[in-house]
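Student: I would like a close look at a single part of this model. Please take me through that part and its surroundings.

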Amino acid sequence: MKFRAKLQMKMETADQPGAIMLNFLPVEAGVPQLNLTVSPADAGALTVGRVYAFTAEVEPEDEAA
């Protein structure tokens with residue numbers, strides 16, 4: 001599964017200091033909205049309004065399951 005999504009919102013709340021909430025809206029139809037909470041270090045290089053690509057991959061330790 002691969003899809004592209006635009007970073008619509010990047011915010012920090014008083015209830016979760018030190019955690020950045022990211023809201024991605026899909027570029028393609030039929031893909032759900034993606035909401036993530038990440039560290040400031042992980043969010044630092046992301047820019048609101050840019051489109052990012054996502055790929056779902058199976059982790060090697062999960063392939064046997």
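Student: Which residues make up the largest nonpolar core?

Tutor: First, the ground rules. This is a predicted model, in which local features need pLDDT of at least 70, side-chain atom pairs count only at pLDDT 80 or more, and totals for chains, interfaces and linings use all residues. Residues are numbered from 1 along each chain as its sequence is written, and side-chain values use heavy atoms, with hydrogens and water left out.

Now the core. The largest nonpolar core has 10 residues in all: Phe 3, Ala 5, Leu 7, Ile 20, Leu 22, Phe 24, Val 31, Val 38, Ala 43 and Phe 54. A nonpolar core here is a set of buried Ala, Val, Leu, Ile, Met, Phe, Trp, Tyr and Cys residues joined through side-chain atoms within 4.5 Å. Buried means under 20% relative accessible area, exposed over 50%, and partly exposed in between (1.4 Å probe, protein chains only). Two elements give two or more residues to this core: β1 (2-12) and β2 (20-26). Strands are DSSP runs (E, at least two residues), numbered from the N terminus. In soluble globular proteins, nonpolar side chains tend to be buried together.

Next, the sheet. Four strands form an open sheet, in the order β3-β2-β1-β4, with antiparallel pairing. Its edge strands, β3 (34-38) and β4 (51-55), each pair on one side only. From one strand to the next, the twist averages 40°. That angle is taken between N-to-C directions, from 0 to 180 degrees, with axes as lines fitted to C-alpha atoms. Two strands pair if DSSP finds at least two bridges between them. Seven bridges join β1 to β2. Five bridges join β1 to β4.

In β4, Phe 54 stands opposite Phe 3. Beyond its neighbours within four places in sequence, Phe 54 is in contact (heavy atoms within 4.5 Å) with Met 1, Lys 2, Phe 3, Ala 5, Phe 24 and Leu 34.

Asn 23 counts as buried because its relative accessibility is 8%. Met 9 stands opposite Asn 23. The C-alpha atoms of Asn 23 and Leu 7 are separated by 6.0 Å, though the two are 16 residues apart along the chain. The Asn 23 side chain also makes a polar contact with the side chain of Asn 35, at 2.6 Å. Such a contact is a pair of N or O atoms within 3.5 Å; within protein, one must be able to donate a hydrogen and the other to accept it, and residues adjacent in sequence count only if both atoms are side-chain atoms.

Last, charge. The structure holds one salt bridge, meaning a side-chain nitrogen of Lys or Arg within 4 Å of a carboxyl oxygen of Asp or Glu. Glu 28 and Arg 4 form it (3.4 Å, N to O). Glu 28 lies in the loop between β2 and β3, and Arg 4 in strand β1, 24 residues apart. Glu 28 is partly exposed at 31% relative accessibility. Arg 4 is partly exposed at 40%.
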